[in-house]
Amino acid sequence: ACKDFFDALEACHANTWLKWTGGCNQTKFNLNRCLHAESVARAAKNREASKARTARREQALQELHASD
């Protein structure tokens with residue numbers, strides 16, 4: 001999803017003058033913002049998957065102990 005931002009930063013860094021004088025700072029900021037958004041979305045997805053696994057494990061333990 002952030003490929004366009006990577007490409008823009010690479011294109012900006014191809015110009016040495018812009019790279020060393022801060023001309024690429026906004027492009028880098030946009031890339032970081034995109035990567036952060038992806039990270040937050042991935043963490044939320046992983047958190048939900050973890051909750052589902054925990055619920056299945058708890059259910060299996062209850063079923064196992066119910067037959068005792």
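Q: Which helix is Arg57 found in?
A: Quick note before we start: this is a predicted model, where local features need pLDDT of at least 70, side-chain atom pairs count only at pLDDT 80 or more, and totals for chains, interfaces and linings use all residues. Residues are numbered from 1 along each chain as its sequence is written, and side-chain values use heavy atoms, with hydrogens and water left out. Helices here are DSSP runs (H or I, at least four residues), numbered from the N terminus. On that basis, Arg57 sits in helix H3.

Q: What is the relative accessible area of Arg57?
A: Buried means under 20% relative accessible area, exposed over 50%, and partly exposed in between, using a 1.4 Å probe and protein chains only. Arg57 counts as partly exposed, because its relative accessible area is 46%.

Q: How far apart in space are Arg57 and Gly23, C-alpha to C-alpha?
A: Along the sequence, 34 residues separate Arg57 and Gly23. In space, their C-alpha to C-alpha distance is 52 Å.

Q: Which residue forms a salt bridge with Lys51?
A: A salt bridge here is a side-chain nitrogen of Lys or Arg within 4 Å of a carboxyl oxygen of Asp or Glu. The closest N and O atoms are 3.8 Å apart, and the partner is Glu48.

Q: What is the N to O distance in the salt bridge of Lys3 and Asp7?
A: Both residues lie in helix H1 (residues 3-14), 4 residues apart, or about one turn. Lys3 is exposed at 54%, while Asp7 is partly exposed at 35%. Their side chains meet with an N to O distance of 3.1 Å.

Q: Which cysteine does a disulfide join to Cys2?
A: A disulfide is called when a pair of cysteine sulfur atoms is within 2.5 Å. This one has an S to S distance of 1.8 Å between Cys2 and Cys34. The pair links distant parts of the chain, 32 residues apart: Cys2 is in the segment before H1, and in helix H3 there's Cys34.

Q: Why is the disulfide of Cys12 and Cys24 left-handed?
A: Cys12 and Cys24 are joined with an S to S distance of 1.9 Å. Cys12 lies in helix H1 and Cys24 in the loop between helix H2 (16-21) and H3, so the pair ties together parts 12 residues apart in sequence. The disulfide is left-handed because the torsion about its S-S bond is about -95°.

Technical notes: Helices (H or I, at least four residues) and strands (E, at least two) are DSSP runs, numbered from the N terminus.
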